[in-house]
Amino acid sequence: MPEVLFVCVHNAGRSQMAAALLQHYSLNRIRVRSAGSEPAEKVNPAAAQALAEWGLDITAEVPSKLSTADVEASDVVITMGCGDTCPVFPGKRYLDWQLDDPAGQGIDAVRPIRDDIDRRVRGLVAELLDS
């Protein structure tokens with residue numbers, strides 16, 4: 001079973017949305033985790049609201065600190081603006097998704113970010129499960 005790690009700075013918005021969407025679309029056929037280099041105290045409320053509009057609830061998620069073990073356990077590591085703070089290991093596949101940061105944004109600004117993540121996650125699911 002492939003394992004994917006989503007990493008952003010605060011693990012409160014982009015990576016949480018991506019993880020929830022990947023879990024939803026993969027139907028438990030991909031192991032999913034997310035982490036942040038400087039985790040926030042709670043999930044971004046606008047990110048949670050944007051996913052709630054689609055029936056997904058991330059309000060109980062807790063941002064977590066990125067660990068070396070997270071990266072080692074993953075087949076694919078997708079960074080979202082964490083820069084040089086993400087550890088790099090040989091043999092891992094790394095993707096960097098350039099996405100706007102939803103921090104401090106309202107729901108109208110977060111919906112397009114959610115939609116972009118959704119498009120990318122659907123492509124990732126097709127790639128990982130149909131190949």
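Two strands are taken as paired if DSSP finds at least two bridges between them; strands (E, at least two residues) and helices (H or I, at least four) are DSSP runs numbered from the N terminus. The model is predicted: local features need pLDDT of at least 70 and side-chain atom pairs count only at pLDDT 80 or more, while totals for chains, interfaces and linings use all residues. Residues are numbered from 1 along each chain as its sequence is written, and side-chain values use heavy atoms, with hydrogens and water left out.

**View 1. The open parallel sheet.** Four strands in the order S2-S1-S3-S4 form an open sheet with parallel pairing. S2 (31-36) and S4 (93-96) are the edge strands, each with a single partner, so one side of each has no neighbour in the sheet. From one strand to the next the twist averages 20°. Strand S1 (residues 3-8) is joined to S3 (residues 76-79) by four bridges, and Val-4 has Val-76 as its bridge partner in S3.

**View 2. Helices across the sheet.** Angles run from 0 to 180 degrees between N-to-C directions, with axes fitted to C-alpha atoms, for helices over the stretch in contact; contact means heavy atoms within 4.5 Å. Helix H1 (residues 14-26) lies across S1 and S2, at about 160° to S1. Helix H4 (residues 107-130) lies across S1, S3 and S4, at about 155° to S1.

View 3. Ser-74 sits in the loop between helix H3 (68-73) and S3. The residue is buried at 0% relative accessible area (buried is under 20%, exposed over 50%, partly exposed in between; 1.4 Å probe, protein chains only). Beyond neighbours within four places in sequence, Ser-74 contacts Glu-3, Val-4, Leu-5, Arg-33 and Lys-92.

**View 4. The aromatic pair.** Rings of Phe, Tyr and Trp (its six-membered ring) pair if their centres lie within 6.5 Å; planes under 30 degrees apart are stacked, over 60 edge-to-face, and the rest tilted. The count is one aromatic pair. The ring centres of Phe-6 and Trp-97 are 5.8 Å apart and the planes are at 55°, so the pair is tilted. Phe-6 is in strand S1 and Trp-97 in the loop between S4 and H4, so parts 91 residues apart in sequence are tied together. Phe-6 is buried at 0%, as is Trp-97 at 8%.

View 5. Asp-101 is partly exposed at 37%, whereas Arg-14 is buried at 7%.
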